Amino acid sequence: MAEALAGTVEIRRHRNAAKLGFSFWLPAAWICLLLLLACSADLWTLPAYDHMNFSHPAAPPVTRSEQWLPSQNGGLIGSPYTYWLGTDTLGRDIAARLIHGVRVSLLVGLLAPAIACIIGGTIGILAGFYRGRFESLVVAAMDTILAFPGLVLLLAIGFYLGPGLQNLIPALAILIVPAFCRVARANTLTWAERDFILAARAIGAGNRRIICCHILPNVVWPLAAYGLLLVGVMIVAEGALSFLGLGVPAPTPSWGGMIAAGKEVLDEAPHVALLPAAVMFITVLSFNLLGDRLRELTDIRNRSNTE
Amino acid sequence: MAFYLRKLLRLAAVVFTASALTFLLVALLPGDVAYEIGGPDATAEQIAAIRAEMGLDRNIALRFGRWLARAVAGDLGTSHRSGEPVLQAIVSRLPVTVELLLFSQLIALGLAIPAAIISAHKAGSAIDRSVASAGFATLSIPSYVMALLLIFAFALRLQLLPATGYTPLSEGICPNLKGFILPSLSIALIEWVPLMRVLRSDMIGTLQEDYILMARAKGLPTWKILLTDALKPSSLTLVTVLGLQIGHWIGAAVIIEMIYALPGIGRLLVDAIFSRDFLMVQGCVLVITVAYVVINSAVDLLYAVLDPRIRLEPKNG
């Protein structure tokens, strides 16, 4: 029980930082690169992502175009311009589309879990802390959402609200609120029984203070780890909807939509589908590796083994 | 008995909520459904007739009651696009989806069980670690990417199997099965991983039991211990996960049916969404959701029957 002090969280984090290893830093570097690309997507000297060059449809990587192409930030570039990653079926630059597609994927992948984490986390902590009828109500409500098969619920919401990011992100968030709620509740239940909570109560701390200063700092890490694991799921789900043509409307590039477009020319020009597929795979794998690592470090069930 | 009763009550509540939400999906659709169904050329009389037919002019609670009563009786309305009764359309497509799901489950189990047995037997070894890493990596591949990779390799490059297309069972078993190999593999090659993980960790637990030691002491061969003594008691959780995963599988099936042009219920749903065929969307969502909820509850109950400890544990652990 000696370790039952709020301060142990801090110590644990420092001790573990040293042994994160290769499988943590490599994916972290890839995601930082993607974040950088997402922020700087407009600054690169690339053709506009929706410019169709009909003299080079589905061109293989490293194709040189002798024409002037409209640049994405006004003006013309090229003559010659090299399509380093080739073009898609409509003669659009795959490199430019991939870089702009990062925005959609990261926006959906990060925002949906963030929203769900705040909503689900709050409800879960309150349910785990106050227990009683409120908790039963929350559990029942979350079970009902979980009763729907995910993609079908997503399709139904998409059908109801129409396509577009502003509808897609809340729909995805609703889908994963129960998961965050469960993690938050389960963690709160175990932390709320610890001695330092009793100690805090003994020195006269109120419920709000205990939740904010003692429960929240401990629950937030498992929640974050879980969130990272869901980023990959969200990117795949957005890709699935865009693949079906129900996600981000054209001409905004999205990896899923790019893969779907490449499906038609898989035989003659496999790179049109396989390049975005590879980028999506590496990205999802990176988030999964990060999340898995973070989960190992924060999972309550692992505590007893490691200490 | 109280346990089963509670479970059944919960099932009824969830099915009711799910159907209410499905009803609202169309009832609260922005815009006037009657105008959408009537089309741009509909006269005021036709619109009025559609409204009366669908009961759009009445109170929403009344409409829900009427809709539910009809749905229970098997009348999900008629598609205003194709003129086909919704239930009939769903029933004619259902066998394709069921066949796809069954085959992918079989393949996934065929991959997961041997991999789990070997991994559990040699836990911590190089084989175990490579199976775990391979599993981790495959979980990052979306099913639509897996499908494209398989089409690329087996249909386009090696030309072994058809890329798309569906042959009804009535035209022979072999061509029918051939069309299902790649679609089933696309799902199974990803979904075997959770099954393998669950079975592996359960088996590691089982292999530490005393009766396994006893079997070893009696000199039984290792493969026999693994296959007969250890596998069966370890497969309890596997059954549950198989049931819980079904939602995942259904989602994957929707996309896979689109890619391989299989006329299943997922394709029916997506096509209906594109043509804004409201009643068809409603019907598909209702049937899929209710099926999913019922399967999940059945697995839940099965688990409780198989493992009596579950029945005694508090409801919200």
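User: In this predicted model, how many residue pairs are in polar contact between chain B and chain A?

Analyst: Four residue pairs are counted between chain B and chain A, with both residues at pLDDT 80 or more. Salt bridges between chain B and chain A number two.

User: What makes the pair B:Arg157 and A:Asp267 a salt bridge?

Analyst: The closest N and O atoms of B:Arg157 and A:Asp267 are 3.1 Å apart. The cut-off is 4 Å between a side-chain nitrogen of Lys or Arg and a carboxyl oxygen of Asp or Glu, so the pair B:Arg157 and A:Asp267 qualifies.

User: Which helix gives the largest share of the side of chain B that touches chain A?

Analyst: That is H7(B), with eight residues. By class, this side of chain B has 35 nonpolar, six polar and three charged residues.

User: How much area is buried between chain B and chain A?

Analyst: About 3600 Å², and carbon and sulfur atoms give 80% of this area. B:Phe136, B:Tyr144 and B:Leu148 supply 19% of what chain B buries against chain A, more than any other three residues.

User: Now to another residue. Why is B:Gln282 called buried?

Analyst: B:Gln282 has a relative accessible area of 3%. Buried means under 20%, so B:Gln282 is buried. B:Gln282 lies in helix H14 of chain B, residues 278–306.

User: How do you know that B:Gln282 and B:Trp67 make a polar contact?

Analyst: Their side chains are joined at 3.4 Å, and the limit for a pair of N or O atoms is 3.5 Å. Beyond four places away in sequence, B:Gln282 touches B:Thr22, B:Phe23, B:Val26 and B:Trp67.

Technical notes:
Residues are numbered from 1 along each chain as its sequence is written. Chains are lettered from A and ligands numbered from 1 in the order in which they are written. This is a predicted model: local features need pLDDT of at least 70, side-chain atom pairs count only at pLDDT 80 or more; totals for chains, interfaces and linings use all residues. Side-chain values use heavy atoms; hydrogens and water are left out. Helices (H or I, at least four residues) and strands (E, at least two) are DSSP runs, numbered from the N terminus. Buried means under 20% relative accessible area, exposed over 50%, partly exposed in between (1.4 Å probe, protein chains only). A polar contact is a pair of N or O atoms within 3.5 Å; within protein, one must be able to donate a hydrogen and the other to accept it, and residues adjacent in sequence count only if both atoms are side-chain atoms. Contact means heavy atoms within 4.5 Å. Buried area is the accessible area (1.4 Å probe) that two parts lose on being put together, summed over both. Ala, Val, Leu, Ile, Met, Phe, Trp, Tyr, Cys and Pro count as nonpolar, Asp, Glu, Lys and Arg as charged, and the others, Gly among them, as polar.
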